Amino acid sequence: RLWAEAQRAAFRGMLDSVFDASCICERDGSIVSSTPQLDAILLGVGRGDGGVVGKRLADFSGSEGDVSRVGAFLRDVSQSTTARRLHTSLRRRQGAVVDVTVSGIAMPGGEAGGRQLF
C-alpha cells in the first residue's frame with residue numbers, strides 16, 4: 001500500500017507540473033484525478049478544485065460522434081503499451097466547444113489498476 005501511495009504522489013506531482021490540462025482516468029473514462037488546468041478549461045476560469053473528478057471524459061465530448069471516438073480511444077489506450085493521440089472536441093460547462101488534442105498512455109504497474117494518463 002505504501003508503494004501505491006508513493007506512486008500516486010509521484011504521478012500527482014508530475015501532473016501538477018504539466019502546463020497543459022491532464023487527468024488520470026479509469027478504463028471506462030471516469031476521471032479519478034485532474035490538474036487545475038483541466039478543471040479551468042472544462043468548468044470555467046478560476047476553478048481547479050477537482051470538479052471534473054468522477055465524471056467521464058466522454059461526458060465533455062462536443063458531439064455524439066466525438067463520444068464514440070473518445071470511447072474507442074480509451075479502449076485503444078488501455079490495450080496498448082505506447083502513447084496514443086486523438087484530435088477531438090470537448091464541450092465546456094458553459095456550452096462552448098474547444099478543439100483539443102488528447103494524448104494518452106496506460107499507466108505502468110499492476111497497482112495502477114488499468115488507469116490511464118491523459
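We will look at a helix, then at a cavity.

A: Happy to! This is a predicted model, where local features need pLDDT of at least 70, side-chain atom pairs count only at pLDDT 80 or more, and totals for chains, interfaces and linings use all residues. Residues are numbered from 1 along each chain as its sequence is written, and side-chain values use heavy atoms, with hydrogens and water left out.

Q: Which residues of helix 3 are buried?

A: An α-helix has 3.6 residues a turn, so residues three or four places apart point the same way. Here helices are DSSP runs (H or I, at least four residues) and strands likewise (E, at least two), numbered from the N terminus. Buried means under 20% relative accessible area, exposed over 50%, and partly exposed in between (1.4 Å probe, protein chains only). In helix 3, the buried residues are Asp 66, Val 70, Gly 71, Phe 73, Leu 74 and Val 77. Seen down the helix 3 axis, they fall within an arc of 160° (taken from the directions from the axis to the C-beta atoms), so they line one face. Glu 64 and Arg 75, on the other side of helix 3, are exposed.

Q: Which residues line the largest cavity?

A: Rolling a probe the size of a water molecule over the atoms shows where empty space is left. On a 1 Å grid over the protein atoms alone, a cavity is a set of points where a 1.4 Å probe fits but cannot get out, and lining residues have an atom within 4 Å of a point. The lining here is Leu 57, Val 70, Phe 73, Leu 86, Leu 90 and Val 102. Helix 3 (64–78) and strand 3 (84–91) each supply at least two of the lining residues.

Notes: 1 Å grid on protein atoms, 1.4 Å probe; cavity = no way out; pocket = protein on both sides within 12 Å on 5 of 7 lines; lining within 4 Å.
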